[in-house]
Amino acid sequence: MIKKEHDPPLHLHKLSSLLDRLPSHHLRIEEVKEQLSRYQAGIAGEKSLGFPLSFLDDKRFSIYHDLRLFDGVHYFQIDTLVVTQHYLLILEVKNISGILMFDPSFNQLIRISDTKEEAFPNPLTQVERQRAQLRALLQKMNVPEVPIETLIVVANRRAVLKATEEVQFISSKVIRGEFLPTKVKLLDKRYGDERLMVKDVRKLGRILVKLHEPLDRDVLKRFSISREELLVGVACPTCARLAMQRLHGRWFCETCGAYSRNAHLKALQEYALLVSTEITNEEARRFLRMDSVSATSKMLRAMNLQCEGIKKGRKYFLEVDLNRFSQ
């Protein structure tokens, strides 16, 4: 049974918003594009695990997606954790295409695609570190000793898996998604003794969910970009150009002639994701390219936002609504 679903893709929306708000010639734009592409692939890979996981018995397996925990020293992220009374299973999902060459000698994963070689951190090392951190955390929680297994799940069906050495060991730890139910059956046979009582499993799940801290990274800081470098304006929902003007309570696109009553909502969501969830009338006018103080005040009041302060010092508190943002 799924006890924790995938987190809303907040970081994905931040990267996407940043890409929309950077000039095409910006020095960091290719880096942002690359990270966005990798993040999208990672999310797709994790979600593709839903089908093979659906073959597991709901009564015996508790599934937790996207756990970000603190072991007392460092944060660590687990793509998927499967909890049973017999053992725990950490799943690290990789959605990478091409030839994937596992190289234990140099502790790296090499991706070969179109005659190009690219090095990645060794996921086997990564998942072993997660196991050690999870074990340390469980000890602090006074959870009874329980085996922790780890697997690398390759979600991309077109990936070709190879290894430079230790082939037998690597093939036991790196599997394709469709083989997951079979692998779990093998683990069930290996671990026949119950290590946790039903109440222990439930208690562990409650604590893990409580300790989970979602990632909320400042992407401007991550890429060393100042807010002054962001493009301002309201994007047209028809042609996507930042060319809308506020006229008589509506937005008009100077490029394609389209009208919209609420195009500013997406722009303010982008401001909240990239800059701050607090905004003043002056900041809103600058970001939305509006001239009128009164028109901006009227528009912000119509959004029923919480606010504090008076006159020029009034701050409005924006809410990040990913459902609205994705529309």
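The dialogue below treats a helix pair and then a cavity in this predicted model.

Biologist: How is the packing of two helices described?

Modeller: In general, the description rests on the angle between the two axes and on the distance between them. Here, the axes of helix α1 (residues 10-20) and helix α9 (residues 264-274) come within 9 Å, with a crossing angle of roughly 110°. Because angles of 65 to 115 degrees count as roughly perpendicular, α1 is roughly perpendicular to α9. The crossing of α1 and α9 is left-handed.

Biologist: Which residues of α1 and α9 meet?

Modeller: From α1, the residues are Leu10, His13, Lys14, Ser17, Leu18 and Asp20; their partners in α9 are Lys266, Glu270, Leu273 and Leu274. By class, the contact of α1 with α9 comprises four nonpolar, two polar and four charged residues.

Biologist: How does one find where empty space is left?

Modeller: A probe the size of a water molecule is rolled over the atoms, and this shows where empty space remains. In this structure there is one cavity of 30 Å³ or more. The largest cavity holds about 50 Å³ of space.

Biologist: Which residues line the largest cavity, and which helix gives the largest share of the lining?

Modeller: The lining is formed by Arg135, Leu138, Gln139, Val143, Pro144, Glu145, Val146 and Ile148. Helix α4 (residues 123-140) gives the largest share, three residues.

Biologist: How many residues of that lining are nonpolar, polar and charged?

Modeller: The lining of the largest cavity has five nonpolar residues, one polar and two charged.

Definitions and conventions. Residues numbered from 1 in each chain as written. Predicted model: local features only at pLDDT ≥ 70, side-chain atom pairs only at ≥ 80, totals over all residues. Heavy atoms only, no water. Axes fitted to C-alpha atoms, helices over the stretch in contact; angles between N-to-C directions. Helix = DSSP H or I, 4+ residues; strand = E, 2+ residues; numbered from the N terminus. Parallel < 35°, antiparallel > 145°, perpendicular 65-115°, else oblique. Left-handed = near helix turned anticlockwise from the far one by under 90°. Contact = heavy atoms within 4.5 Å. Nonpolar A, V, L, I, M, F, W, Y, C, P; charged D, E, K, R; others polar. 1 Å grid on protein atoms, 1.4 Å probe; cavity = no way out; pocket = protein on both sides within 12 Å on 5 of 7 lines; lining within 4 Å. Points joined across faces, edges and corners; volume = space filled by probe spheres on them.
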